[in-house]
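Let's take a friendly look at the aromatic side chains of a protein. Open the structure below and keep it beside you as you read.

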Amino acid sequence: MSVHVRPLTVDDHDAWLPLWHGYLEFYRHHLSEAQTELTFRRLLDDAVDMWGAAAVSDGAVVGIVHWLTHPSTWSETPYCYLEDLYVAADARSSGVGAALVEHVTAWAAAHDLPKVYWQTAQDNSTARRLYDRLATSVFVVYEVEID
C-alpha cells in the first residue's frame, strides 16, 4: 500500500471523524461531541501546541496521528508527546502506522526536539509489535483519574 502522510486540514474533518471514533472505541472511551469538535479545532489552530496528520492512500484517509509538545524539567527544549495514533482496520499491517510515527519523529527533528514518546495499552499487542521495532520503552505509566 502506498501511503502519504500530510498535515490535517479542515477538509479532513469528515474522514477524520470515524477514525477518531474508532480510536476512542478501541480504548473503550467516550467523549462528548463538543470535546471531539474542540479536539479537531485545536489540531488546526496555530495558537495551540497540538498538531495532527493524516495518512492517505489512494485518495482516502486511512490513519491519523496527533501530537503535542510540552516543557520538561530534564531538557531546555520541549518534548514531543505522540498522543493518538489510529489506522483503519483494512489498512493495518501495511506500513501506515510506521509512516505516522516516522512523520511525527521527522517533525520533532525538524523542530530540534530531543525526544518523541508515547504510550499504549499493555494488551495492544499489534501496536506494541510495531512500537517495539521503532522505539524503546523503559518506563511504566501510572494514572490517577481526577473526578
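What follows is a short tour of aromatic rings and their surroundings in this predicted model.

**Rings in pairs**

The structure holds 10 aromatic pairs. Two of them are set out here.

| Pair | Type | Centre to centre | Between the planes |
|---|---|---|---|
| Trp-16 and Trp-20 | stacked | 5.5 Å | 10° |
| Trp-51 and Trp-107 | tilted | 4.5 Å | 45° |

Find helix α1 (residues 13–26): both Trp-16 and Trp-20 lie there, four residues apart, which is about one turn of the helix. Both of these residues are buried. They also belong to one aromatic cluster, together with Tyr-23, Phe-26, Tyr-27, Phe-40 and Tyr-86.

Trp-51 has a relative accessibility of 24%, so it counts as partly exposed. Trp-107 has 16%, and because buried means under 20%, Trp-107 counts as buried.

**A charge over a ring**

Look next at Tyr-117: the charged end of Lys-115 sits over its ring, 5.9 Å from the centre.

**At the surface**

Is Trp-74 buried or exposed? With a relative accessible area of 72%, Trp-74 is exposed. You can find Trp-74 in the loop between β3 (60–72) and β4 (75–87). Along with Val-138 and Phe-139, Trp-74 forms a nonpolar patch on the surface, and together the three have about 470 Å² of accessible area.

Key. Residues are numbered from 1 along each chain as its sequence is written. This is a predicted model: local features need pLDDT of at least 70, side-chain atom pairs count only at pLDDT 80 or more; totals for chains, interfaces and linings use all residues. Side-chain values use heavy atoms; hydrogens and water are left out. Patches are made of residues with over 30% relative accessible area and no salt bridge: like charges are joined within 9 Å, nonpolar side chains (Val, Leu, Ile, Met, Phe, Trp, Tyr) within 5 Å. Accessible areas come from the Shrake-Rupley method with a 1.4 Å probe; for residues, only the protein chains shown count as cover. A salt bridge is a side-chain nitrogen of Lys or Arg within 4 Å of a carboxyl oxygen of Asp or Glu. Helices (H or I, at least four residues) and strands (E, at least two) are DSSP runs, numbered from the N terminus. Buried means under 20% relative accessible area, exposed over 50%, partly exposed in between (1.4 Å probe, protein chains only). Rings of Phe, Tyr and Trp (its six-membered ring) pair if their centres lie within 6.5 Å; planes under 30 degrees apart count as stacked, over 60 as edge-to-face and the rest as tilted. A charge sits over a ring if NZ of Lys or CZ of Arg is within 6 Å of the ring centre and within 35 degrees of the ring normal.
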